[in-house]
Amino acid sequence: MYYLDMHCDTITHLLRCADEGKPSSLRTNDAHIDLQRMQKANYLLQNFAVFTPLGHVDNPMAFALRAIDKYYEEIDQNTDIIRPIYSYADIEKNKDEGYMSAMLTLEEGAVVNNDLRILHDFYRLGVRMITLTWNYENGIAFPNFTPSKDTDSYAMLRQINTTDGLTDFGKAYVKECNKLGIIVDVSHLGDKGFWNVIALSTQPIVASHSNARAICSVARNMSDEMILALHKNGGVMGMNFCDDFISDDSNGSVENIIKELGCIDNIGLGSDFDGISTRKEMEECGKITMLSDALKKHGYTQEEIEKICYKNSLRVYKEVLK
């Protein structure tokens, strides 16, 4: 069994460790993800997001570029285990040669400074998926919720933004991603923005780390209507392992994770490791095999389990990546 995880924040975590004088390695560490545990669990591909916390850094583009440099520094030091990918053919090549694959993504589309030429530059640097927003309005679109210093953040998670969508620049941004071969990621995006993207995109999209509101009623998750529209688009929703997004009772067990499953053909994995709190069962990447074991126990076929664990996401990558 292979595993493909569409989202983690490990690179930003490692950059922060370095900035704090506590350097850590992608090869082995005490975070949620490292290469040795990934290799043991038989990961096929890990998306490494450059998570840029808009509103918490002075220069978002500079922060993102530093994180991208950190990504390549770590990959270059571990080419015996993992290789970067820029096209679908690279994934197949790495697999055939016995290497895991790494794909560079952005979590916060605003790092292009409202300039589509800079979007092209991020593509040249290897970015192949972009989460359009994080938790703040950014010139592209509006998020599904915005934290407030005066209100409990978890309570805010239940105040769904259904009125604010893509800006004119955001619409041009989505179209340019389609042209370049960058996968558009709608996790964190407000509901109206999601429907804007569905209407605009000529390519399959993803919600790389979002779950189902029918199971856990927070704004970060997707309604049944959104999940069905994503299915019709040919896209994929990656299951997020965050406690607060798995179940309303915050019981982040494997049993609750598999309840998130909807349309078998548009479900994938999007752990959000190193950006979330987790329960003991799924506390790090080496335990990802528990998920496929639980799916088998609950009667899912081998083909269905393979679709969830990697094949659905691969299908999107094959269609979108140039």
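Entry 1, the whole chain. I first settled the word buried, which means under 20% relative accessible area, while exposed means over 50% and partly exposed lies in between, with a 1.4 Å probe and protein chains only. By that rule, 60% of the 322 residues of the protein count as buried. I noted that this is a predicted model, in which local features need pLDDT of at least 70 and side-chain atom pairs count only at pLDDT 80 or more, whereas totals for chains, interfaces and linings use all residues. Residues are numbered from 1 along each chain as its sequence is written, and side-chain values use heavy atoms, with hydrogens and water left out.

I then looked up the overall dimensions, and the C-alpha trace spans about 45 × 40 × 40 Å along the principal axes. The radius of gyration, taken over C-alpha atoms, is compared with a globule rule of 2.2 Å times the number of residues to the power 0.38. For 322 residues a compact globule would come near 20 Å, and the protein has 18 Å, which agrees. The protein has 13 helices and nine strands, where helices (H or I, at least four residues) and strands (E, at least two) are DSSP runs numbered from the N terminus.

Which residues of helix H5 are buried? In this helix, residues 116-124, I found Ile118, Leu119, Phe122 and Tyr123. Seen down the axis of H5, these buried residues fall within an arc of 155°, so they line one face of the helix; the arc is that of the directions from the helix axis to the C-beta atoms. The face turned away from the buried side carries the exposed residues Arg117 and Arg124. The cover over the buried residues includes helix H3 (60-76), strand S4 (100-107), strand S5 (127-131) and helix H7 (168-180).

After H5 comes Gly126, whose phi is positive, near 110°.

What does the side chain of Asn178 reach? It reaches the backbone nitrogen of Thr202 at 2.9 Å. Leaving aside neighbours within four places in sequence, Asn178 is in contact (heavy atoms within 4.5 Å) with residues including Val184, Leu200 and Lys322.

In helix H12, residues 289-297, the buried residues are Leu291, Ser292, Ala294 and Leu295. Seen down the axis of H12, they fall within an arc of 160°, so they line one face of the helix. On the other side of H12, Asp293, Lys296 and Lys297 are exposed. H12 is followed by Gly299, whose phi is positive, near 95°.

Is Glu20 buried or exposed? Glu20 is exposed, with a relative accessible area of 54%, and is found in the loop between helix H1 (10-19) and helix H2 (35-41).

Methods. Polar contact = N/O pair within 3.5 Å; in protein donor to acceptor, adjacent residues only side chain to side chain.
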